[in-house]
Amino acid sequence: MVTSNIRLRHAWGIVAWLGIVLLLYLSLTPEPPNTQLEHGDKLGHMLAYGVLTYFWAQVLTARRQRLALALSFIVLGGILEYIRSEEHTSELQSHSFISYA
C-alpha cells in the first residue's frame with residue numbers, strides 16, 4: 001500500500017511539473033489560444049492556476065507547503081503578467097490589477 005502511494009504521488013508530481021511547463025509556454029507564447037470570450041484569457045488563467053494548484057496539492061500535503069505553493073503561484077502569475085506586458089509596451093497595454101488577479 002505504501003509503495004502504491006509513493007508511486008501515485010510521483011505520478012502526480014510529474015503531471016504537476018508538466019503543467020507548469022505548459023503554463024509557462026502558453027503564458028509566454030506570442031500567439032496564445034483565443035477563447036472568443038470577454039476576459040477569456042483571465043478565465044483561462046484562473047482555470048490553469050486552479051488545476052495546477054489541485055495537482056500540486058496532491059504532492060504537497062503539509063499545510064505550510066500548500067500555503068507556500070499558493071503564494072508561489074501568485075508571485076509566478078504576477079511575474080508572467082509583468083513579462084507579457086513589457087513585451088507589449090508598444091501597444092500601450094497597462095498594468096491593471098485584474099491582469100494580476
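Tutor: Two residues are in contact when heavy atoms lie within 4.5 Å. This is a predicted model, in which local features need pLDDT of at least 70, side-chain atom pairs count only at pLDDT 80 or more, and totals for chains, interfaces and linings use all residues. Residues are numbered from 1 along each chain as its sequence is written, and side-chain values use heavy atoms, with hydrogens and water left out.

Student: Which residues does Ser-27 touch beyond its sequence neighbours?

Tutor: With neighbours within four places in sequence set aside, Ser-27 is in contact with Leu-80 and Arg-84. Ser-27 itself belongs to helix 1, residues 2–28.

Student: Why is Ser-27 called buried?

Tutor: Its relative accessible area is 7%. Buried means under 20%, exposed over 50%, and partly exposed in between, with a 1.4 Å probe and protein chains only. Ser-27 at 7% is therefore buried.

Student: What lies 2.8 Å from a polar atom of the Ser-27 side chain?

Tutor: The backbone oxygen of Leu-23 is at that distance. A polar contact is a pair of N or O atoms within 3.5 Å; within protein, one must be able to donate a hydrogen and the other to accept it, and residues adjacent in sequence count only if both atoms are side-chain atoms.

Student: How many helices and strands are there?

Tutor: The protein has four helices and zero strands, giving the pattern α-α-α-α along the sequence. Helices (H or I, at least four residues) and strands (E, at least two) are DSSP runs, numbered from the N terminus.

Student: What span does helix 2 have against the expected one?

Tutor: Helix 2, residues 40–59, reaches 29 Å from its first C-alpha to its last. The expected span is 1.5 Å times one less than the number of residues, so for 20 residues 28 Å is expected, and the span is close to that. Buried residues in helix 2 include Tyr-49, Leu-52 and Trp-56.

Student: Why is Ile-74 called exposed?

Tutor: Ile-74, in helix 3, has 60% relative accessibility and therefore counts as exposed. Its C-alpha is 8.9 Å from that of Tyr-49, 25 residues away along the chain.

Student: What makes Arg-66 partly exposed?

Tutor: Arg-66 has 38% relative accessibility, so it counts as partly exposed. It is placed in helix 3. Leaving out neighbours within four places in sequence, Arg-66 is in contact with Ala-57, Leu-60 and Thr-61. The C-alpha atoms of Arg-66 and Tyr-54, twelve residues apart along the chain, are 10.0 Å from each other.

Student: Which residues make the nonpolar surface patch?

Tutor: Leu-24, Leu-28, Val-75, Ile-79, Tyr-82 and Ile-83 make this patch of about 490 Å². Helix 1 and helix 3 (63–87) are the elements that give two or more residues to it, and helix 3 supplies the largest share, four residues. Tyr-82, in helix 3, counts as partly exposed because its relative accessibility is 44%.

Student: How many of the contacts join residues 24 or more positions apart?

Tutor: Such pairs account for 62% of the contacts with a separation of 6 or more. Of the 101 residues, 25% count as buried.

Methods: Patches are made of residues with over 30% relative accessible area and no salt bridge: like charges are joined within 9 Å, nonpolar side chains (Val, Leu, Ile, Met, Phe, Trp, Tyr) within 5 Å. Accessible areas come from the Shrake-Rupley method with a 1.4 Å probe; for residues, only the protein chains shown count as cover. A salt bridge is a side-chain nitrogen of Lys or Arg within 4 Å of a carboxyl oxygen of Asp or Glu.
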